[in-house]
Every structure is written in structure tokens, then in C-alpha cells.
Amino acid sequence: MTVYLDHAASTPVRAVARQAYLAALEVSGNPSSIHRDGQRARAILEDAREIVSSTLNCDPIEVIFTSGGTESVNLGIIGLYRARRSVDPRRTRIIVPEGEHHATLDALEWLEAHESAVIDWVLLDTLGRIDLTAWRDALTREPETIAVATSLWANNEVGTIHDVDALAAACAAAEVPFHVDAIAAWGHIPVGLSPGISALSVAGHKVGSVPGVGVLVVPRSVTIDAVLHGGGQQRGIRSGTQNPAVAASLAAAIGEAHPQQDGESERLAGLRDDAQRRILASTDGVRVSGDLDNRLPHNLHLHIEDASSADLLYLLDEAGISVSAGSACQAGVARASHVLLAMGRSPEQASSALRISLGHTTTQADIDELVRVFPEVVSRARTVSSRA
Amino acid sequence: MRVLAAMSGGVDSAVAAARAVDAGHDVVGVHLALSRMPGTLRTGARGCCTIEDSMDAQRAANLLGIPYYVWDFSERFKSDVVDDFIAEYEAGRTPNPCMRCNERIKFAALMDKALALGFDAVCTGHYASVVTGADGALELHRASAWAKDQSYVLGVLTAEQLPHAMFPLAETPSKADVRAEAERRGLSVANKPDSHDICFIPDGDTRGWLSERLPEVPGSIVDESGAVIGSHDGTHGFTIGQRKGLHLGVPASDGRPRFVLAVKPAENTVVVGPRESLDIGEIAGTKFSWCGSAPANPGEAFACDVQIRAHAEPVPAVAFLAEGEFVVRPEVALNSVATGQTAVIYVGTRVLGQFTISRTVAVAGRVDPVVGRVDPQGHIETTTTLTSSLSESVG
């Protein structure tokens with residue numbers, strides 16, 4: 001058995017989510033069909049939508065199921081951008097902090113290359129926090145040229161939680177639609193629709209559903225262009241035959257996680273703090289990244305001097321411990337973290353990071369094992385680096 | 001043993017890894033990311049640096065039930081292989097990037113890292129064999145199937161590296177056997193086309209690739225006397241022995257075809273002349289290494305075979321070290337030798353060592369009439385006194 005400490009990548013499927021998925025597979029109809037088989041499928045789907053909406057402070061009709069986080073983010077950003085620009089072609093600016101997830105960064109890059117978007121970057125500080133003054137300045141500068149603003153709710157790598165209320169208030173004041181990527185935060189801290197938020201992305205595999213399902217919350221009042229065109233399902237915002245089984249799985253997962261969130265977050269933060277304290281005590285040249293006063297409870301992001309992420313990942317895997325670094329390229333190479341670069345770290349420092357993330361299956365024994373092997377792994381990784 | 005299997009995504013390295021697993025070793029598969037901007041899909045028969053290749057390697061590792069990682073050597077590869085390749089061409093030499101990769105990446109950077117991580121050996125799909133010699137030391141030998149033998153590109157291995165090099169394909173009769181074995185094992189790469197030529201030039205157009213990276217400065221084409229007889233668009237477009245594409249307006253006085261004899265970027269000239277001027281009677285280089293034990297007295301001339309290209313025939317020769325320079329005099333004139341090429345020295349099937357050719361001495365028409373001449377078969381009659389009889393053609 002491995003010690004699984006990469007819950008922020010994908011957390012194990014919860015038993016309730018597996019059961020809900022399998023039960024839904026027993027129903028044969030297409031939820032859009034008129035007949036009673038279709039109605040049974042539809043009921044599963046809409047039950048799921050209700051449960052999900054109850055965790056996101058929105059109404060069921062505002063829950064748009066997608067294939068996952070990346071689709072939600074793309075639909076949210078591209079859909080809002082197009083809708084805004086079609087009303088007024090001067091609206092081409094997109095306000096965004098640095099250090100966002102690649103689902104956002106690459107969608108923006110595409111809009112910049114193909115649809116005349118102008119990206120207005122807002123800097124992060126060394127703790128990964130958004131410069132709120134710069135955010136407000138960007139929103140008040142030539143507001144008629146702004147199409148949309150987007151931000152993470154909490155950074156998926158270093159765990160820093162953003163002040164979404166303040167970000168949203170600034171957007172509301174400027175009358176700019178605001179997309180929030182809450183994928184890393186959902187299930188760990190309270191997130192949901194609030195005034196000023198025009199679209200909100202979450203994903204199932206981070207909360208213990210089967211993967212391949214996500215949600216974009218789109219309030220009734222928001223105009224958004226569809227990216228996929230077809231049968232007009234889900235308010236025409238996201239056409240395509242709906243999948244009751246993954247929706248049921250997602251609802252079961254968040255339905256279990258949400259009521260337990262406060263206690264579970266406290267438990268995970270306790271385990272995380274224990275790991276952090278013992279690792280810092282046992283191993284020199286390690287420091288913690290992110291905003292220690294305001295970060296996701298299950299996230300421990302470490303910078304390890306004179307060691308490379310790739311070597312640390314290999315050695316930890318060899319020792320039976322699954323964690324992650326920043327991001328990996330398509331071929332699977334651990335890359336320098338763009339988040340750490342945005343926080344002002346050097347490329348070398350950004351390539352010496354480990355993200356340890358806890359979740360619903362994490363136990364004290366997992367932490368003990370991590371802490372036990374850690375000093376030796378770091379020492380070996382440093383030997384490798386010193387020879388390179 | 002703990003074995004790190006370098007897996008390119010090709011059939012050879014996949015079968016090599018499979019055999020290492022069969023032999024009972026604890027094997028981990030690694031794909032080297034060598035390209036900074038990898039293509040997504042293979043194009044044509046080439047490949048080594050694409051996402052598809054890394055996926056192929058991963059599928060092979062999955063089938064073998066071994067862990068698999070992608071390690072990034074793209075920075076080292078760029079500085080040590082690609083930039084070196086460009087610089088060598090810029091200097092008028094013809095490098096072998098595969099040897100450079102073996103010398104500096106696979107059996108240096110990768111092997112160092114593997115050993116530091118606690119592995120005992122690096123396993124590759126090269127066709128060559130490591131055996132224990134009479135003196136108990138390890139030796140590198142040609143693979144049993146000479147047609148597939150790749151010992152030439154491994155000539156850069158040293159006595160320190162041989163104990164950690166594992167080539168499970170050493171005794172394979174043919175590539176067809178490897179493919180059949182891959183098929184039997186259910187490896188999806190069984191029928192994948194061979195990669196060849198230079199992995200970082202995916203379309204195989206070396207000239208075109210170089211012309212995008214090296215300034216094209218027009219200059220002169222001269223004959224052996226130095227007389228200008230044509231012009232060129234940039235020296236890197238030429239290799240020693242090239243006959244076509246010279247576009248010489250003036251025919252040779254004797255009407256015979258002319259070949260590129262030397263490329264001199266410093267002077268921005270290309271020297272052309274008759275075919276016999278390409279016949280080389282001596283090659284030498286100061287950048288050399290021994291593959292395993294060195295001869296007891298390398299200063300004393302010894303009989304050997306010399307091979308100057310991966311697929312060239314070995315040529316009987318005598319070799320010796322003189323004033324820090326490895327000197328080889330072939331019994332049969334070598335044709336079209338370019339500086340920068342690697343000469344690998346064999347004794348029987350054993351790889352004795354290698355050097356980068358930095359100096360060549362032509363035979364043609366310059367043989368001292370008293371001590372030697374080239375017979376109609378191209379044999380040099382006197383090999384031991386050639387030095388005084390040959391003049392240097394390429395510096």
C-alpha cells in the first residue's frame with residue numbers, strides 16, 4: 001500500500017460516490033427523453049443538481065454539469081468573454097492574477113491569439129496573495145474596455161486563499177462579470193455563489209466523485225455564450241446528452257463532504273501542521289510556501305533547497321509515498337512551478353518544490369510514514385543534485 | 001540488481017527492458033525528455049522526442065509492470081549535443097550527435113543520476129555486448145549480429161562506465177527477432193518504424209536545419225592550388241566527399257569530377273579537387289578515450305581495425321599514441337574523412353577506444369616515391385614510414 005498524499009490532484013472515490021454511480025447505471029433512459037425511463041434518469045440527474053446547488057449557495061437551475069474542471073473554466077471564461085464582446089466590441093481586456101491554473105492561463109492565451117483579448121495581469125505577492133489595490137486599479141482603469149475578470153478561489157499549488165469577497169465587490173462596482181475557479185477550494189472551505197460572482201467552476205474528482213464531471217455555476221441573471229452547440233440542454237449553455245451517473249456520483253461525494261467540512265478541515269489542518277512541524281524540525285533547508293495564515297487546510301507546499309522536484313518525486317514514490325510537484329508537461333516531466341515564479345522565486349527554487357495534499361482517507365499513520373522517510377529522501381535528492 | 005532502463009519508446013529499448021525484467025532485475029523505466037519543444041506525434045519514420053514516443057515507452061513499461069518516469073535532460077541535451085552539433089558544423093567539422101549523446105547524456109548525466117539514486121546499472125536497447133576479458137576487466141564488444149552492431153556509437157564508454165552498462169540485446173541475431181519477440185510479449189511498439197538519423201532534426205533535412213541556425217555567408221570555392229573556381233552560399237552546406245550541388249561553372253582542366261576536399265569556415269572557403277585527394281592515409285586526434293583497459297604501451301604501434309562511421313566497414317590499421325595524439329594509419333586509404341567524425345578502434349570484436357578526428361593526411365599523389373605508393377587496390381605499400389611521405393590536407 002502506498003501512502004497517498006496527492007489529494008489535490010485527485011482524491012480517492014468515496015464509497016457513497018461509487019454506490020451512487022453504480023446505482024445510476026442501472027437506469028437506462030436519456031434524461032431528455034419523454035418516456036418514463038427518461039424521466040427516471042432525469043430524476044437522478046435533478047436530484048444530483050439539487051444536492052450540488054445546496055453546497056454552492058445557488059439554485060439548481062444555476063448548476064451546469066460539465067465534463068470537469070477544465071471545461072468549466074473554459075466555458076466560464078470564454079463564454080463570458082464572447083458574450084460581453086458581442087455586446088460591445090471594445091471589451092477585450094481580461095483582468096487576471098498571475099499564478100492561475102493552466103486551464104485559465106491556456107484559455108486566456110488562446111483568446112489573446114485568436115479573439116483579440118488583451119490580458120491585464122495582476123501581480124501576486126511572495127505569499128501568493130493577490131494585490132487587491134492593483135486588482136481594483138485594473139478594474140477602474142478604462143472599464144468600458146474590460147470583458148471579464150477571473151481568479152482562483154484558492155491557489156491549487158501553494159494553497160493561498162484569496163479574498164474572493166473583495167475581488168467580487170470590485171468587479172460588481174465596475175460592473176464587470178467575474179469568473180471564479182473554486183476547484184481547489186471546494187469541499188475544504190466554504191465556497192459558493194455570492195454577489196459579484198458571475199460564474200463559478202468546481203470539479204468532482206477533488207471531492208471524491210468519479211472523475212469526468214464538473215460544474216459551472218451560472219446565475220440566472222448572467223448572459224454567457226455557449227462553447228458547445230447542440231441539443232440545447234442545460235439552458236443551452238452546455239449542450240450534450242447529460243450523464244446522470246457522474247452527476248449522482250458528484251452529488252453523493254459533495255453531499256457527504258459538505259456537512260463534515262468544518263470538522264474534517266480542522267482534522268486535516270491538524271495533521272498537516274503536524275507534518276509541517278516535524279519535517280521542518282528534522283530537515284534543514286526546507287521552508288513552507290503560501291500564506292501560512294490563510295491557506296487551504298489540506299495543503300502543505302514545501303520548498304526544499306538544493307534538491308529537484310523530479311528527484312524528490314521519484315524517491316518518495318520509491319518509498320511508497322505519492323505526492324506532486326508543480327505541474328507536469330504533456331510528456332510527464334516535472335516543470336518549474338509557474339505559481340512560484342509568479343511569487344518571485346527563481347527558476348531553480350521553482351523547480352525544488354513539493355506539494356503534499358491531504359484528504360478524506362489521510363490518517364496519522366500516513367503522516368508518520370511521510371515524516372519518517374523524508375530526511376533520507378531529501379538527503380539523497382541533494383546528493384543527486386550535487387552530482388549533476 | 002537495480003536496473004534503470006532507458007526507454008525511448010522504440011522496440012529495441014522496450015525489449016531490452018523486458019529482458020532485464022526476465023533476468024530477475026528490479027527494473028525502473030525512464031524516458032529521457034530531450035527536446036525542449038517536443039512534437040506531439042511522430043512524423044514519418046523518425047522519432048525520439050515526441051509525446052507519442054514517451055507514451056509508447058509508458059505503455060511498454062505498463063505491460064512489463066515496472067514503474068515509469070520521464071526525466072528532463074533537455075537542458076543538458078541542448079548544451080551538450082545540439083549546441084555542440086551546431087558549433088562543430090560552424091567550425092567546419094562533421095560531428096556525430098548520437099555519440100555525443102551517449103558520451104554526455106545516457107552514460108554520463110543519466111548514469112550518474114542513476115547511480116546516485118541507488119541503481120546498479122543503466123540498460124539500453126543498443127546492440128553491443130559487455131564481456132569480461134582475459135585480464136578480468138570488462139570489455140565492450142560488437143554485438144553477435146554485425147549487421148545491427150552499434151558498438152561504434154558506444155565507443156565513448158570508459159572503464160568506469162562499463163560495469164554499469166547493460167545491453168540485453170547483445171546476442172540477438174537480428175532486428176526481426178527483436179520485433180518478433182516484442183510481438184510475442186504483446187508490446188505495441190513491435191511494428192513501430194525504426195528511428196534513425198538525428199532525432200532533433202525530425203524531417204531529416206540537416207542542411208535546412210543548420211541553415212536556419214547558422215549565418216549563411218557567401219564565399220568562394222577553390223581548387224587545391226587556391227584558385228577560385230566558384231562560389232557558395234555558406235560553408236556548412238558542404239561535407240567532405242560531396243560531389244553534387246557544387247555548381248561549378250568552370251570544368252576541371254582534366255575534365256574529371258571534383259569533390260569537396262575541405263570545408264574551411266574560418267576562411268569561408270570550400271576546397272574541391274579530384275577523387276584521389278579524398279583518400280586519407282592517416283587520421284589523428286587528441287580527444288580520445290579508452291573503452292576499458294588501455295594497452296600496456298600505447299606508444300608502441302599496434303595492429304587494429306579502424307571504423308570512422310556508424311555503418312562503415314572497419315579497415316585494418318596500425319595505431320599508436322604520439323605526444324598525446326592518437327594516430328591511426330589504415331592499410332587501405334579511408335575515403336571522405338571529415339574532421340569531427342569519431343574514429344573507433346577495434347581489436348577483433350573488442351572496442352579498444354575512440355578519438356575525434358582533428359587531423360587527416362591525404363595519400364593522393366603525395367606519397368614519397370621512395371618509401372610508398374598506393375597500389376591499384378588502394379593499399380599503401382609501406383605503412384610505417386608514411387608520416388614523411390604524406391602532407392597535411394586539413395587542419
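The bend at a residue is the angle between axes fitted to the seven residues ending there and the seven starting there, and helices (H or I, at least four residues) and strands (E, at least two) are DSSP runs numbered from the N terminus. The model is predicted, so that local features need pLDDT of at least 70 and side-chain atom pairs count only at pLDDT 80 or more, while totals for chains, interfaces and linings use all residues. Residues are numbered from 1 along each chain as its sequence is written, and chains are lettered from A and ligands numbered from 1 in the order in which they are written.

**View 1. Helix α4 of chain B, its kink and its end.** Helix α4(B) covers residues 97–116 and has a kink of about 25 degrees centred on Leu110(B). Because 14 of the 20 residues of α4(B) are buried, the helix is largely enclosed by the rest of the structure; a residue is buried if 20 or more other C-beta atoms lie within 10 Å of its own, exposed if 12 or fewer, and partly exposed in between, with C-beta atoms placed from the backbone. After α4(B) comes Gly118(B), whose phi is positive, near 100 degrees.

View 2. Why does Glu103(B) count as buried? It does so because 23 C-beta neighbours lie inside 10 Å. Once neighbours within four places in sequence are set aside, Glu103(B) is in contact with Ala108(B) and Val156(B), contact being defined by C-beta atoms, placed from the backbone, that lie within 7 Å. Tyr127(B) is 24 residues from Glu103(B) in sequence, and the two C-alpha atoms are 16 Å apart in space.

**View 3. Val122 of chain B and the largest nonpolar core.** A nonpolar core is a set of buried Ala, Val, Leu, Ile, Met, Phe, Trp, Tyr and Cys residues joined through C-beta atoms within 7 Å. The largest such core has 230 residues, and those with the most contacts inside it are Ala5(B), Ala17(B), Val122(B) and Cys123(B). Helix α7 of chain A (residues 244–282) gives this core its largest share, 14 residues. Leaving aside neighbours within four places in sequence, the contacts of Val122(B) include Phe107(B), Leu110(B), Met111(B) and Ala114(B), and also Leu4(B) and Ala6(B). In soluble globular proteins, nonpolar side chains tend to be buried together.

**View 4. Paired strands of chain B.** Two strands pair if DSSP finds at least two bridges between them. Strand β1 (residues 2–6) of chain B pairs with β2(B) in the parallel sense over 5 bridges, and Leu4(B) has Val28(B) in β2(B) as its bridge partner. Strand β2(B), residues 26–33, is largely enclosed by the rest of the structure, because 7 of its 8 residues are buried. Elsewhere in chain B, β14 (residues 302–307) and β15 (residues 315–322) pair in the antiparallel sense over 5 bridges, with Val318(B) in β15(B) as the bridge partner of Ala303(B). Strand β14(B) also pairs in the antiparallel sense with β18 (residues 342–347) of chain B, over 3 bridges, and there Asp305(B) stands opposite Tyr346(B) in β18(B).

**View 5. Domains 1 and 2 of chain A.** Domain bounds come from an automatic or database domain assignment, which divides chain A into domain 1 (3–9 + 261–387) and domain 2 (15–255). The centres of these two domains, taken over C-alpha atoms, are separated by 28 Å, and 23 residues of domain 1 of chain A are in contact with 22 residues of domain 2 of chain A. On the side of domain 1 that touches domain 2, α9(A) gives the most, with 3 residues. By class, that side has 6 nonpolar, 14 polar and 3 charged residues, where Ala, Val, Leu, Ile, Met, Phe, Trp, Tyr, Cys and Pro count as nonpolar, Asp, Glu, Lys and Arg as charged, and the others, Gly among them, as polar.

**View 6. The contact between chains A and B.** The contact takes 11 residues from chain A and 14 residues from chain B. Helices α8 (309–318) and α11 (364–387) of chain A each supply at least two residues of the side of chain A that touches chain B, and the residues of that side divide into 6 nonpolar, 3 polar and 2 charged.

Key:
Contact = placed C-beta atoms within 7 Å.
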